Amino acid sequence: MSAEYHAGLDIGASAVKCVVAVAGENGEPVFSGLGASECRNSVRDGILVDMEGAAAAAARAMEEAEELCGFRIERVQLAVGGAHVRGLMGTGTIGTGSMDEPGVITEKDVAAALEAAGSIDLPPGSMALDRITRDFAFDRFTGLSKPPVGLQASSVTARVFTVYSDRVPVENLIAMVERTGRKVEALVPSGLAAGASVLSADEMDLGVVLMDIGSSMTNLVVYRDGGPMHLASFSMASDHITRDLQRLRLSWVQAERLKVEKAAANDRMSSPNLVMNVPRVGDRGTLQISHPLVTQVVSQRIEAICEGVSQEIRRCGLEPGDLPAGLIITGGGSRTRGLLETAAAVTGLPVETGYPRANEVPTEILRTPEFAVAAGLSVLGCGRGRRHGRGMASGPKKGMLRRVRNFLDTLK
Ligand SMILES: Nc1ncnc2c1ncn2[C@@H]1O[C@H](COP(=O)(O)OP(=O)(O)OP(=O)(O)O)[C@@H](O)[C@H]1O
Ligand SMILES: [Mg+2]
C-alpha cells in the first residue's frame, strides 16, 4: 500500500529526534514512527559544530524511526532554531480606487499586496524560510482571514510574517542531512514546529506564547489572531542550569542528576532541612549541599529565562492580558520541577506544559514535551498535503520501543 509520509527531524544539542507521520484522509497526521539518539557536543544554539557526530546521531534516530514505521525515510522536514532565526511582519497595500470612487478588489490586487508584504529587505547573508500570510484589510476593516476579492474599496492591504535565517548554519545542517543519504524537503523554524504540535487553533487566535526550553537554547513564538507575530531565541536553557550547579564543584553527570532528581525552580518546593551528600568533582570526597541552595541556583536561572519571555512580550507591544491562552512550555527543560509556578509569577501568564496532540501514537514517548518540535514538523508536513507514494506503516516493533525508551531514560 502506498501513502504520503512526512518525517520530522529535530537536531538538538542533547538529542536528535525523528517523528514520522502518514497523512490521513483529511491531512491529519497519523503517527507511525519515532526515533531518538543522543547527540552531545555536535550542535550548539541550533548551530552545527560537529558534522560527523551530528550525522551519525541523525542517521541512528532515522533508522530507529524506520524500524517502527517500516519504510525508508528518503526526505525530511528539518527544524531550524536559534538566535540566527528571526521573523518580521511586512505590510503591503495596493490602491484600488478612492474613497469617493472605490474600485473592485481583484485577485491580482490581492496577489500584488501579498507580494509587497512579503518583499522585505533581508540582511546580507540571510535566507527566507517561510512567508506566512497573516491577514487582509480594506478601508477600515482589518484582521480579515479571507482576501476581500470582489468587494469595492479604495485599497487592499495584506500582512505577511516572513521568517528568515542566516544562510550558512542552514546550509551546514542540510549538508549534514545529505551526508546520511536523505534530502531536506522543507525547513521549519523550531518554535513554529513545536506550536503546530501542541497548540490549538483557538489558542493561536486568542493569543498565546509557545516557549521551547531545550538544552542549549530557548525558542519562543508569540501567536495572536490565528498566527505567529513574533519569534525570539535566547542562548539560555536547561544545560545552563546544569552548568550553574556544576559551580558547586560537581561533575557534569552529578550536576545533571541533581537537577533532574532533586532540583526545584521554586522556593516553596525547597526542603529547608534537607542536606544532600554529593560526590565532589575529581573523586575528592563528598560535598554537603543544602536543598535550599540548589533551589536558589535553579530558580535564578529559570527566572532569567522567564524574564526573557516578559521582555519579548513587551517588545511586541503586548501585556499579559493580551495573551489569554497563556504560556505553553515544551522541550526537556519544561520538566524542571516548580517551573510552571515560577514562570506564572514572573510573566503574569497562566502556564502549562505542552504535549504533542495525537489521537494515536506508535509509542507514548511521542506525547512528551521533548518531541514537540519533531512531531510538529510532521504535523505541518501533513497539513501541506503533498503526495509522495511510499510504503505504509507497519506495526511498532517491541525491541525498538524498548531502545527508544532506554535512551529517554538516560536523559531524565
Ligand atoms: N526532569 C528534568 N528536569 C530538568 N531538566 C530536564 C529534565 N529532563 C530533561 N531535562 C533537560 O532537558 C534538556 C533536553 O531537552 P531537549 O531534548 O528538548 O533539548 P534539545 O532539543 O536536545 O536541545 P536544544 O533544543 O537546545 O538544541 C537537557 O538539558 C536535560 O537535562
Ligand atoms: Mg530542541
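## Basis of the description

Residues are numbered from 1 along each chain as its sequence is written, and chains are lettered from A and ligands numbered from 1 in the order in which they are written. Because the model is predicted, local features need pLDDT of at least 70 and side-chain atom pairs count only at pLDDT 80 or more, while totals for chains, interfaces and linings use all residues.

Helices (H or I, at least four residues) and strands (E, at least two) are DSSP runs, numbered from the N terminus.

## The five-stranded sheet

An open sheet of five strands has the order E4-E3-E2-E7-E14, with mixed pairing; two strands pair if DSSP finds at least two bridges between them. Strand E4 (29-38) and E14 stand at the edges with a single partner strand each, so one side of each is left without a neighbour in the sheet. On average, neighbouring strands of this sheet are turned by 25 degrees against each other, direction ignored. For such angles, axes are lines fitted to C-alpha atoms, for helices over the stretch in contact, and values run from 0 to 180 degrees between N-to-C directions.

Strand E7 (residues 75-80) runs parallel to strand E2 (residues 5-11), to which two bridges join it; Gly 8 has Gln 77 of E7 as its bridge partner. E7 is also parallel to strand E14 (residues 183-189), with six bridges between them, and Arg 75 has its bridge partner in Lys 183 of E14. Five of the six residues of E7 are buried, so this strand is largely enclosed by the rest of the structure. A residue is buried if 20 or more other C-beta atoms lie within 10 Å of its own, exposed if 12 or fewer, and partly exposed in between, with C-beta atoms placed from the backbone.

## Helices and a buried residue at the sheet

Helix H3 (residues 167-179) packs on the sheet and touches E2, E7 and E14, its direction making about 150 degrees with that of E7. Helix H4 (residues 190-198) lies across E2, E7 and E14 and runs at about 85 degrees to E14.

Val 16 is found in strand E3 (residues 15-23) and is buried, with 26 other C-beta atoms within 10 Å. The C-alpha atoms of Val 16 and Ala 36 are separated by 5.5 Å, although these residues are 20 residues apart along the chain. Leaving aside neighbours within four places in sequence, the contacts of Val 16 include Asp 10, Ile 11, Ala 36 and Ala 57; a contact requires C-beta atoms, placed from the backbone, within 7 Å.

## The shell around ligand 1

Of the 23 residues around ligand 1, those that come nearest are Gly 12, Gly 214, Ser 238, Gly 332 and Arg 335. A residue is near a molecule or strand if its C-beta atom, placed from the backbone, lies within 6 Å of it. The shell divides into seven nonpolar, ten polar and six charged residues. Here Ala, Val, Leu, Ile, Met, Phe, Trp, Tyr, Cys and Pro count as nonpolar, Asp, Glu, Lys and Arg as charged, and the others, Gly among them, as polar.

Helix H6 (238-246) and helix H7 (252-261) each supply at least two residues of this shell, and the largest share, three residues, comes from H7. The buried residues of H6 are Ser 238, Asp 239, His 240, Ile 241, Thr 242 and Leu 245. What covers them includes strand E15 (208-213), H7 and H8.

## Helix H9

In helix H9 (residues 339-347), the buried residues are Leu 339, Thr 342, Ala 343 and Thr 347. Seen down the axis of H9, they fall within an arc of 110 degrees, so they line one face of the helix; the arc is that of the directions from the helix axis to the C-beta atoms.

The cover over these buried residues includes helix H8 (291-315), strand E20 (327-330) and strand E21 (351-353). Just after H9, Gly 348 takes a positive phi of about 75 degrees.

## Positive phi in two loops

Most residues other than glycine have a negative phi. Arg 249, in the loop between H6 and H7, has a positive phi near 80 degrees. This arginine counts as partly exposed, with 15 C-beta neighbours inside 10 Å.

Asp 283 also has a positive phi, of about 50 degrees, although it is not a glycine. Asp 283 is found in the loop between strand E18 (275-279) and strand E19 (286-290), and counts as exposed with 7 C-beta neighbours inside 10 Å.

Terms used
Contact = placed C-beta atoms within 7 Å.
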